[in-house]
Amino acid sequence: MTVLTSILTVSAQTIYTSTSDGSIYTANSQETTAMPYQHAAKTITIGNKHFTTNDIDSITFHQPDLPYLGGDISLLPDYEAKGAQYLDLNGKAITNVLDFFKSQGWNCCRVRLFVDPTKASDSDKKGGVVQSLDYVKALGRKIKEAGFLLMLDFHYSDSWADPGKQTLPDSWKDKSTSELTTALYDYTTESLKEMKAAGATPDFIQIGNEITYGMLWPTGHIWPAGGGQDGGTWEVFAGYLKSASKACREECPDARIIIHTELSQSGNATSFYSQVKNYNIDYDIIGLSYYPAYHNNLNTLNTVLTNLESQQKGKPIMIVETGYGYKWAMPGTTFDYTATYPYSEDGQANFVADLVSTLKKHKAVKGLFWWWAEANEHGIDWQNAVTSGWNNAALFDQETGKALKAFSKMKAFKERP
């Protein structure tokens with residue numbers, strides 16, 4: 001009996017199959033792009049493997065359990081539209097940025113979504129808050145058509161949502177707790193319906209961004225270990241998460257749901273996910289932000305991962321955001337790691353190499369994503385810049401446009417014994 005289990009159907013016209021090295025190949029409507037695909041009366045050929053039709057007992061369609069490597073590229077359309085000049089590791093012009101990412105081993109891209117970014121402050125808009133649903137549908141489709149998996153990051157706010165702020169969308173401000181729960185469900189449902197119709201069905205869905213202290217404040221404002229802040233409660237917050245999760249299960253049943261926190265306090269993650277478990281919240285993956293600038297050294301991360309693996313057995317873990325400076329410190333840096341990793345191209349690359357080594361000690365860790373990986377103002381008139389400030393932890397040198405050595409170090413994350 002032969003059972004094909006390394007096949008993923010994302011939509012009616014797209015088939016993915018994985019190989020042992022973690023690659024993803026795509027075939028559309030039985031027409032080959034990256035993967036040879038043939039179907040005849042007696043045999044099926046996928047890649048270089050041939051199967052006799054009569055010997056196949058079943059074909060299982062699912063999302064393969066790969067090491068997922070990629071980055072958040074939520075501003076790529078703006079950089080491209082304004083003429084950013086991207087160069088590869090050898091200094092040659094990159095004609096297709098997504099193809100370059102694929103050449104670096106990436107198989108998944110992350111995109112954030114705001115409820116109504118037109119309501120954001122001018123400074124936030126200039127800082128990269130532009131991702132409306134229409135914007136994300138277009139970028140998401142481009143990502144999927146390029147053969148990547150898509151991670152959709154719901155912020156459930158009109159602007160940045162993080163541990164310091166989880167501001168209600170302007171259109172939800174006057175709603176009661178019950179009405180907010182319904183609005184969250186309806187908004188998630190409608191957004192996913194539109195994503196699917198646009199050919200941008202997400203494969204991973206984050207229900208909230210860095211929600212260590214809750215979301216939809218003040219009623220969803222909580223402490224990670226239990227209890228509420230400013231009138232918020234865990235009961236209400238859990239209700240919000242359950243509402244969002246329910247919408248995801250109904251609209252995108254094959255997608256994996258991520259609950260995303262960060263490590264501003266090293267004990268927060270284990271406390272938070274224990275509470276999530278206590279409240280029986282339905283999700284699939286633990287998502288973490290880890291920036292040394294704010295979250296301490298790699299030993300701290302290693303301890304958190306060890307504790308999560310012990311306490312949340314069976315739950316995959318992804319680092320859905322990370323970054324480290326290649327020339328300058330990240331704004332608001334609270335932990336100086338430069339004695340070990342100087343702010344230089346080599347320093348950044350060495351950090352990535354050691355980060356990957358740390359992550360590979362943990363079998364539960366399945367994903368690594370660099371935040372704002374596409375940042376590159378090279379070639380753009382400074383008076384017409386994409387953002388008002390540079391990302392100091394970019395993967396491209398913003399003065400030259402050249403890809404940094406960290407790309408090649410990230411590749412090792414996909415290598416498995």
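Helix α4 (residues 133-145) and helix α5 (residues 177-197) pack at an angle of about 35°, and their axes are 9 Å apart. The structure is a predicted model. Two packed helices are described by the angle between their axes and the distance between the axes.

**Helices α4 and α5**

- The crossing in which α4 passes α5 is right-handed.
- On the α4 side, the contact is made by Leu133, Val136 and Lys137. On the α5 side, Ser191, Glu194 and Met195 take part.
- Sorted by class, the residues in this contact of α4 with α5 are three nonpolar, one polar and two charged.

**Lys137 in α4**

- Lys137, one of the residues of α4 that make the contact with α5, is buried, because its relative accessible area is 17% and buried means under 20%.
- The side chain of Lys137 makes a polar contact with the side chain of Asp134, at 3.3 Å.
- Apart from neighbours within four places in sequence, Lys137 is in contact with Glu194, Met195, Ala198 and Ala200. Among them, Glu194 and Met195 belong to the α5 side of the helix contact.

**Helices α9 and α10**

- Helix α9 spans residues 298-311 and helix α10 spans residues 345-359. The two pack at an angle of about 20°, with 10 Å between their axes.
- Angles under 35 degrees count as roughly parallel, and α9 and α10 are therefore roughly parallel to each other.
- α9 passes α10 in a crossing that is right-handed.
- From α9, the residues making the contact are Leu298, Leu301, Asn302 and Leu305. From α10, they are Phe351, Asp354, Leu355, Thr358 and Leu359.
- By class, six nonpolar, two polar and one charged residues form the contact of α9 with α10.

**Ser289 in strand β14**

- Ser289 is located in strand β14, which covers residues 285-290.
- Ser289 counts as buried because its relative accessibility is 0%.
- A polar contact of 2.7 Å joins the side chain of Ser289 to the side chain of His260.
- Setting aside neighbours within four places in sequence, Ser289 is in contact with Glu210, His260, Thr261, Glu262, Leu263, His295 and Glu321. His260, the polar partner of Ser289, is one of these residues.

Definitions and conventions: Residues numbered from 1 in each chain as written. Predicted model: local features only at pLDDT ≥ 70, side-chain atom pairs only at ≥ 80, totals over all residues. Heavy atoms only, no water. Axes fitted to C-alpha atoms, helices over the stretch in contact; angles between N-to-C directions. Helix = DSSP H or I, 4+ residues; strand = E, 2+ residues; numbered from the N terminus. Parallel < 35°, antiparallel > 145°, perpendicular 65-115°, else oblique. Left-handed = near helix turned anticlockwise from the far one by under 90°. Contact = heavy atoms within 4.5 Å. Nonpolar A, V, L, I, M, F, W, Y, C, P; charged D, E, K, R; others polar. Buried < 20%, exposed > 50% of the residue type's maximum accessible area, 1.4 Å probe, protein only. Polar contact = N/O pair within 3.5 Å; in protein donor to acceptor, adjacent residues only side chain to side chain.
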